[in-house]
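Let's walk through a structure together, one feature at a time. Bring your questions, and we will take the general idea before the case at hand.

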Amino acid sequence: MNHSDTSLSQALPPGQSFCFHFLRVLLRNVSRIACLGVAMLVFVPFGLTAQAQQGTLTGVVIDSTLGEALPGANVRLVGTQQGTSTDANGNYTISGISPGTYTVRASFVGFSPKVVEGVEVRANETTEVDFHLLPSAVQADELVVVGYGQVQRSDLTGSVVSIGEAELTEVPASNVLESLQGEVPGMDITKESGETAAGLDFTIRGNRSLTASNQPLFIVDGVQYSSIQFLNPNDISSVEVLKDAASTAIYGARGANGVVLITTKKGTEGGTRVDVSSYVGMTQSTGYPEHNDADQYVEQRREAHRTTGEWSGPEDDPNIFSSRELQAIENDVYTDWSDRLIKTGLQQSHQVGVSTGSETTSAYLSLGYYDESGIVEMDHLKRYSLRVNLSHEINDAIKVGTNTQATFSDQDQRANPLNMANKIPPITRAFDDNGEIIEYPTGANINPLIDEQPDHYENNTKTTDLTPTVFVELTPWESLTFRSDVSYGLNYSRQGIYRASLTIDRNGAAPESRYFTSNSRGLDMENVLTYDDDFGEHSVTLTGVFSYLQNRSDFGSELGQGQLLNSQLFYGLGNAPEGISINSGYEESSLLSYAGRLRYGWQGKYLLNLTARADGSSRLSEGNKWAVFPSAAAAWRISEESFMQDQSLFNEMKLRVSYGVSGNDAVEPYATQANLIRIPWAWGEEAAPGFAFSDQLGNPNLEWEISRTANLGLDVGMFDGRVSATLDVYNTNTSNLLLERFLPETSGASSIVQNVGETQNRGIEVSLNTQNVTSDDFTWESNLTFFSNDEEIVSLTGEGDDVANGWFIGEPTSVFYDYEKIGIWQQDEAQEAASFGQEPGEIKVKDQNGDGEITPEDRTILGSPRPDWSGSIENRFRYRGFDFSALIFARVGSMMQYDYYGNYKPSGQENGSAVDYWTPDNPTNAFPRPNSQRSDENYPYFDALTYENSSFVKLRSVTLGYTLPDNLLSSMNLRSARIYVRGRNLWTIAEVDDYDPERGGGLSFPMTQAFVAGVNIGL
């Protein structure tokens, strides 16, 4: 073989050629390898020393509002791969950092990220940097709870509002929903009164039904709750409000009026955390309008009799006052009855929460105590709560757990004493010279303080709520999950009422005892199968739901009269000799549902959500029990398009559109049936059992009430998330209304529930969040909300308007329909007044049709309790350890029927409102002339006096807090500590003085304001 022209590597076989080439390279570089080996021997010690001289960064990440640590927050060195997450106590440590100057960024879901620049890391030293993160209203990567699952906010296609833990504890209240007032566009919330356990009136996007329930659905940790009033706000981590049909359709009939999803706190991995929250403070009336004092009462009574010619001067006082009253006037006897009844209340709340966890187990336990004494004696609420949330991963595929809520409440209430206090003449005494109560100070009116005497009056309710929920979650594959929740809600309530003979209610009649018991059981089974996976640019989530809901309740009531011993209260009904009455009842209803949902996304830009749910309700008639409720929603993330990548103004822009159908079956069970009731009867001279149909006829054709909602929304984030806004416009048409119609007496019944009529709700909702200043020491964030809902009855029966019920086509579901007061007839209008059968000093109403006489046809719609719009603006400030927040809330364009105006007593016999009434010397247009021969009940057009604008703007809450610095916390062995003072309902601007129009016009139990001081401690 001739190798003269061939190199060795070319001549060798392929495998041997590679070995030869490697040997040649090795020999050629042997000198270099030797030099490198010597260098390593010489410099390795120095290299090890250099690595040891790297620095460490450590610190803590804290919620700046609550002062609590944030476990799982991310801390990163910007521009490097180095970073970590905080532990259960919010602490982090990043080791092995080369000396230098860095920019450090901390972030956490639901909070605005914080960046600290110029952080210097020195060799062999530890640099400490703490982060105080501010909760942010909108974060694109925030996980939002939706029906049967969670999605990133950026992937939402429906209208959903999230409220975080900080906002939920802003307002000291017994009901967590009160904390949402002004926070959720589209949710109208007002408190019914200032009573300790007063309920709330609330709707989402207006009232759809006329007589069926408009209450939204409450879901707590995936299962339905009939009420959330007993939930401890400190146990809640977030609240989501689902408003449009695309969001609520997965709940079908149960979500027709909107859905409130509540997620409670869970255990955290990485050690045990103990959190203590406690506050105590006082409550007082926001104002109570003054009624006549002694001089005003005497003057008005004199004027009332002057009108009828019975009084012309003080010499005629014996003709209109009794000798006792004359003596009281002479001796300046005066009692301000409302001032004696309204006092300062006390409010306190204490809660301990313990959370812990490992890689497989998490646990959260809380104990809570709430105590409030109202501003009226004998109005008192105590509530004890326990919550246990446990979950355990048996293996990678099986997870089990429980979410259990237990609550016991003890509530004392009293009959409204202010009604009597407002009308009893003030020229009286409450107690005699020996301090004994005077039972009848005027001889006719009982003392308003009489119920406060020992063993005279008691109204006590004890309620036990227990809602244990167990669940199992199976994950056979990473993308497939099945979860089954079974909840069994138990509620037992006992109410006892005793009213002695000398009480406001009995007023000398025989004593009366009442005893009520109720038991309810609710079974909720939720089975959810979810498939979630990504395929390149496609993401798909499929959800299947099987749900079964059953409610059973029974009640009993007993009544007896003539009890001899007051001290037995309502416990001695067996000793009552007369008036014995016994009653009991039972109700049962169920709902069976199947649902499916498809969520699809392409490239993270184009999103689609399709849902269908079939519901079968036992409340409706045979053949009409089942209905299917579909919905569709789509969203376009415009900010992800290529043409948006070269701009820096918008970091998020998403357009949403949805349409869906939902149903409502919220009528009482058995509305399809005509029931028999027992009536007194006789057969000859002998008593005999008799039965008749109940007042409400059954309807064997009762169907679903149907709502169809279209929603268009826009979500915008600007300036790297420092400004975010959401805009929604919607239209809801509700047909086949479940309407309780009144029937003529000739029918033999009073009412029937039928599917009659249609309503429409249209509105706009806006929310805006801005981070105005974000420096190391100072931050300022603002939140603004606005919504306006146009509520309208579209059709009723073929007869048009229903005047008897106050329902009018083209108007809201609730209006005030009456004569329109335009003033008081004046003396120069005597001739015109006479043409209407009136005279100067009387109420002048408008002749709407101009026919020269006042008839019922001249009544008109004066206004509605529904507002034209509502809104709020909240500002939050933080300076180093101090934080300050204030929320202003407005509700504008509503009307109320004001009881204070209705308390004007023109006859002067009883006391009444201190108003500007007409006299020949005081020609006002406010209130008519007093007249001893005319009471408020027979004064023409008297109700026209009572309507008033109920718009208001109020400073709803103010909070000032201070978070203790880390060095002080370390010395006290605390994880976190924050002290604060807080005020609620501090200041109100309204048309009326000394009254909070949120009360709605009533005078019993006026609205309250609270001033509390509290502390949050983390151990």
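A: A handy term to begin with is the polar contact: a pair of N or O atoms within 3.5 Å, where, within protein, one must be able to donate a hydrogen and the other to accept it, and residues adjacent in sequence count only if both atoms are side-chain atoms. Here, the side chains of Thr469 and Ser487 are joined by such a contact of 3.2 Å.

Q: Before we go on, what sort of model is this, and how are residues numbered?
A: This is a predicted model, in which local features need pLDDT of at least 70 and side-chain atom pairs count only at pLDDT 80 or more, while totals for chains, interfaces and linings use all residues. Residues are numbered from 1 along each chain as its sequence is written, and side-chain values use heavy atoms, with hydrogens and water left out.

Q: Where is Thr469 placed, and is Thr469 buried or exposed?
A: Helices (H or I, at least four residues) and strands (E, at least two) are DSSP runs, numbered from the N terminus. Thr469 belongs to strand 23, residues 457-477. For burial, the scale is relative accessible area: buried means under 20%, exposed over 50%, and partly exposed in between, with a 1.4 Å probe and protein chains only. Thr469 is buried because its relative accessible area is 2%.

Q: Which residue in strand 3 stands opposite Val75?
A: That is Thr84. Strand 2, residues 74-77, pairs with strand 3 in the antiparallel sense over three bridges.

Q: Which strand order does the sheet of five strands have?
A: The order is 11-16-17-14-15 in an open sheet, and the pairing is mixed. Its edges are strand 11 (160-164) and strand 15 (223-225), each pairing on one side only. The twist averages 25° from one strand to the next. For a parallel example, take strand 14 (residues 217-220) and strand 17 (residues 259-264), which pair over four bridges. Val220 has Ile262 as its bridge partner in strand 17.

Q: How many salt bridges does the whole structure hold?
A: Side chains of opposite charge can pair when their charged atoms come close. The criterion is a side-chain nitrogen of Lys or Arg within 4 Å of a carboxyl oxygen of Asp or Glu. A search of the whole structure gives 44 of them. One of these joins Arg975 and Asp275, with 2.8 Å between the closest N and O atoms. The two partners are 700 residues apart: Arg975 sits in the loop between helix 13 (966-971) and strand 49 (976-990), and Asp275 in strand 18 (residues 273-285). Arg975 counts as buried at 10% relative accessibility, and Asp275 does too at 14%.

Q: Which parts does the pair of Arg637 and Glu652 tie together?
A: Their side chains meet in a salt bridge of 2.7 Å, N to O. Arg637 lies in strand 29 and Glu652 in strand 30, so the bridge ties together parts 15 residues apart in sequence. Arg637 is buried at 11% relative accessible area, and Glu652 is buried at 10%.

Q: Which residues do salt bridges with shared partners join into one network?
A: They are Arg499, Asp505, Arg506, Glu512 and Arg514. Within it, Arg514 and Glu512 meet at 3.1 Å, N to O. Arg514 is partly exposed at 27% relative accessibility, whereas Glu512 is buried at 4%.

Q: Which residues make the nonpolar surface patch?
A: Trp636, Phe643, Leu655, Val657, Leu712, Leu727, Val729 and Ile764 make a patch of about 630 Å². Patches are made of residues with over 30% relative accessible area and no salt bridge; like charges are joined within 9 Å, and nonpolar side chains (Val, Leu, Ile, Met, Phe, Trp, Tyr) within 5 Å. Accessible areas come from the Shrake-Rupley method with a 1.4 Å probe, and for residues only the protein chains shown count as cover. Trp636, found in strand 29 (residues 626-637), is partly exposed at 32% relative accessibility.

Technical notes. Pairing = 2+ DSSP bridges. Axes fitted to C-alpha atoms, helices over the stretch in contact; angles between N-to-C directions.
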